[in-house]
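Here's a quick briefing to read with the model open beside you. Take it topic by topic and find each spot as you go.

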Amino acid sequence: MATKGTPAVRAVEAAGVAYRLLEYDYDPNAAAIGLAAAEALGLDPALVYKTLVCQLEGGPAPGLACAIIPAAARLDLKALAAVAKVKKSDLAPQAVAERSSGYVVGGISPLGQRRKLPTFLDRSAEALAEIIVNGGRRGLQLALAPADLIKAADAQWADITVR
């Protein structure tokens, strides 16, 4: 596989937190990338989190934000807007997400993005010892403690999934 020295790996190393790298054969035809990663790695899907780049509209901080939620969950766009203190949020178009993050869809990590975005980790991760997030390349995942992800990504806890 290609080099593991992605911006995400460099960011987690710079943060000085413990992590593990997990690699799998990425399936470009998978309907749900995070769930496909969990299956390929033989992991409980509840541990795998996806990274979504979102557009924020209105309020004091319009622009983009990064939401990290369980792979099987749906993002609560109203909850994200509320926590980001804007009027509305929506998923960013693929081209916008890729340009902002510096990663391609299927490889977007919450770490080492080209532009630093307000980042929110769903509170469901608080109860877990370890979660899995994208490592900045299709087929590469990072396993780390949720609190370490908060530190490395300069993220905030938030209730942002549909319950």
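In strand E5 (residues 119–122), Thr-119 and Leu-121 point one way while Phe-120 and Asp-122 point the other way, and all are buried. Buried means under 20% relative accessible area, exposed means over 50%, and partly exposed is in between, using a 1.4 Å probe and protein chains only. Helices (H or I, at least four residues) and strands (E, at least two) are DSSP runs, numbered from the N terminus. Keep in mind that this is a predicted model, where local features need pLDDT of at least 70 and side-chain atom pairs count only at pLDDT 80 or more, while totals for chains, interfaces and linings use all residues. Residues are numbered from 1 along each chain as its sequence is written, and side-chain values use heavy atoms, with hydrogens and water left out.

**Strand E5 and its partners**

- Two strands count as paired if DSSP finds at least two bridges between them.
- Strand E3 (residues 63–70) runs parallel to E5, and three bridges join them.
- Look for Cys-66 here: its bridge partner in E5 is Thr-119.
- E5 also pairs with strand E8 (residues 156–158), again in the parallel sense and over three bridges.
- In that pairing, Phe-120 sits opposite Gln-156 of E8.

**Zooming in on Thr-119**

- Why is Thr-119 called buried? Because its relative accessible area is 4%.
- Its side chain reaches the backbone oxygen of Leu-117 at 2.9 Å. That's a polar contact: a pair of N or O atoms within 3.5 Å, where within protein one must be able to donate a hydrogen and the other to accept it, and residues adjacent in sequence count only if both atoms are side-chain atoms.
- Leaving aside neighbours within four places in sequence, Thr-119 is in contact (heavy atoms within 4.5 Å) with Cys-66, Ile-68, Ala-153, Ala-155 and Gln-156.

- Strand E6 (residues 131–137) holds Asn-134, and seven of the seven residues of E6 are buried.
- E6 pairs with strand E7 (residues 140–144) in the antiparallel sense, over five bridges.
- Val-133 stands opposite Leu-142 in E7.
- Two residues lie between the strands of this hairpin, and Gly-139 takes a positive phi near 90 degrees.

- Asn-134 counts as buried because its relative accessibility is 7%.
- A polar atom of the Asn-134 side chain lies 2.7 Å from the backbone nitrogen of Gly-136.
- Not counting residues up to four places away in sequence, Asn-134 touches several others, including Gly-107, Pro-110 and Leu-142.
- Where do you find Gly-107? Gly-107 is in the loop between H4 and E5, and it counts as buried because its relative accessibility is 1%.
- Gly-107 and Asp-76 are 31 residues apart in sequence and 22 Å apart in space, C-alpha to C-alpha.

- Asp-76 caps the N-terminal end of helix H3 (residues 77–84), with a side-chain oxygen 3.1 Å from the backbone nitrogen of Lys-78.
- Which residues of H3 are buried? They are Ala-79, Leu-80, Ala-81 and Ala-84, and what covers them includes E2, strand E4 (88–91) and E5.
- Lys-85 follows H3 and has a positive phi, near 60 degrees.
- In helix H5 (residues 146–153), the buried residues include Pro-146, Leu-149 and Ile-150.
- The cover over the buried residues of H5 includes helix H1 (7–15), E3, E5, E6, E7 and E8.
- Just after H5, Asp-154 takes a positive phi of about 50 degrees.
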